[in-house]
Amino acid sequence: ALSPTSVTAGESVSVRVTGANFVTGSTSLAVSGSGIAVSNITVESSTSLTATLTVQASADLGGHNVTATTGGGSSDAATLQVNAPALSVASVNPSRVPVAGSSTVTVTGTGFVPGVTTASVSGSGVSVSSITAGVAGVQPRAASAQTTLTLGLNVAGDANPGTRTITLVTGDNRFSFDVSIVRDYPGIASFTASPATLTPGQSSTLSWNDVINATTCSINQGIG
């Protein structure tokens with residue numbers, strides 16, 4: 001038997017294994033899958049041992065088989081469940097993303113797992129082009145420790161300005177936060193000239209519809 005039977009990715013925990021025929025100095029403990037290291041095995045008696053399991057933030061989520069082995073053979077496997085750490089967001093920088101282009105958004109928080117955490121954006125015209133969780137080479141990391149998540153966002157030129165919701169998912173855990181899509185440069189919905197073709201001496205009426213972020217208008221030299 002194994003206690004506890006569940007752990008959180010990114011933590012180190014002490015576990016107790018009960019069974020039979022454990023031998024000091026010759027009993028080992030193995031965990032299937034990747035991202036879990038075993039250390040500090042202490043045989044307390046022939047029926048009980050303790051060990052430390054260091055679970056990396058990038059450890060495989062779900063069930064892992066834990067097996068004790070001595071010179072006489074191996075035990076039946078006990079199941080250890082690795083759960084995703086809780087997601088939280090402390091800051092988002094920048095929180096305003098311009099229309100028509102690619103932007104990088106850095107999110108600070110907890111529960112970001114490399115290769116596991118995903119992101120999606122509400123609405124149309126905005127998509128996630130890349131996602132990088134955590135810091136390469138810094139493992140294991142306590143599940144409660146803050147780390148960073150870097151998102152690449154592509155915003156189409158016709159994307160509507162306003163609030164968009166980004167949803168992060170790690171395992172069964174979800175967390176959502178908002179960013180603002182803004183148009184920081186002048187824009188128009190349509191332009192007309194009446195008449196559209198001129199001969200010398202004629203005039204034309206120019207019209208701009210749904211103008212935003214514009215305070216002045218100029219016409220190229222040689223025209224007017």
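Reader: Which residue in E7 is the bridge partner of serine 28?

Author: Threonine 69 in E7 is the partner of serine 28. The model is predicted: local features need pLDDT of at least 70, side-chain atom pairs count only at pLDDT 80 or more, and totals for chains, interfaces and linings use all residues. Residues are numbered from 1 along each chain as its sequence is written, and side-chain values use heavy atoms, without hydrogens and water.

Reader: What makes E4 and E7 a pair?

Author: Two strands pair if DSSP finds at least two bridges between them. E4 and E7 are joined by four bridges and run antiparallel. With four bridges against a cut-off of at least two, E4 and E7 therefore pair. The strands themselves are DSSP runs (E, at least two residues), numbered from the N terminus.

Reader: Which residues of E4 are on the covered face?

Author: Leu29 and Val31. Ser28 and Ala30 make up the uncovered face of E4, residues 28-31.

Reader: How do the side chains of E3 alternate?

Author: Val13, Val15 and Val17 point to one face and are buried. Buried means under 20% relative accessible area, exposed over 50%, and partly exposed in between (1.4 Å probe, protein chains only). In general, side chains of a regular strand alternate between the two faces of the sheet.

Reader: What is the order of the open sheet that holds E3?

Author: E1-E3-E6-E5, four strands with antiparallel pairing.

Reader: What makes E1 and E5 the edge strands?

Author: Each pairs on one side only. E1 covers residues 2-3 and E5 covers 36-45. E1 has two bridges to E3, with serine 3 partnered by arginine 16. E5 has seven bridges to E6, residues 48-55. There, threonine 42 stands opposite threonine 50. Between E3 and E6 there are seven bridges as well, in the antiparallel sense. Threonine 18 faces serine 48 in that pairing.

Reader: Why is the pair of phenylalanine 191 and tryptophan 208 called tilted?

Author: Rings of Phe, Tyr and Trp (its six-membered ring) pair if their centres lie within 6.5 Å; planes under 30 degrees apart are stacked, over 60 edge-to-face, the rest tilted. Here the centres are 5.2 Å apart and the planes are at 50 degrees, so the pair is tilted. A search of the whole structure finds one aromatic pair.

Reader: What does the pair tie together?

Author: Parts that are 17 residues apart in sequence: phenylalanine 191 lies in E18 (190-194) and tryptophan 208 in E19 (205-209).

Reader: Why does tryptophan 208 count as partly exposed?

Author: Its relative accessibility is 36%, so it falls in the partly exposed class. Phenylalanine 191, at 42%, is partly exposed too.

Reader: Why is asparagine 21 called exposed?

Author: Its relative accessible area is 57%, so it counts as exposed. Asparagine 21 sits in the loop between E3 and E4. Its phi is positive, about 70 degrees, although it is not a glycine. Alanine 100 also has a positive phi, about 65 degrees. At 43%, alanine 100 is partly exposed.

Reader: What is omega for the cis peptide bond of asparagine 93 and proline 94?

Author: About -5 degrees. Proline 94 is in the loop between E10 and E11. The bond from serine 194 to proline 195 is cis as well, with omega near -5 degrees. Proline 195 lies in the loop between E18 and E19.

Reader: How many residues line the largest pocket?

Author: 19, with Ala20, Phe22, Ala68, Ser75 and Asp76 nearest its centre. E7 gives the largest share, five residues.

Definitions and conventions:
1 Å grid on protein atoms, 1.4 Å probe; cavity = no way out; pocket = protein on both sides within 12 Å on 5 of 7 lines; lining within 4 Å.
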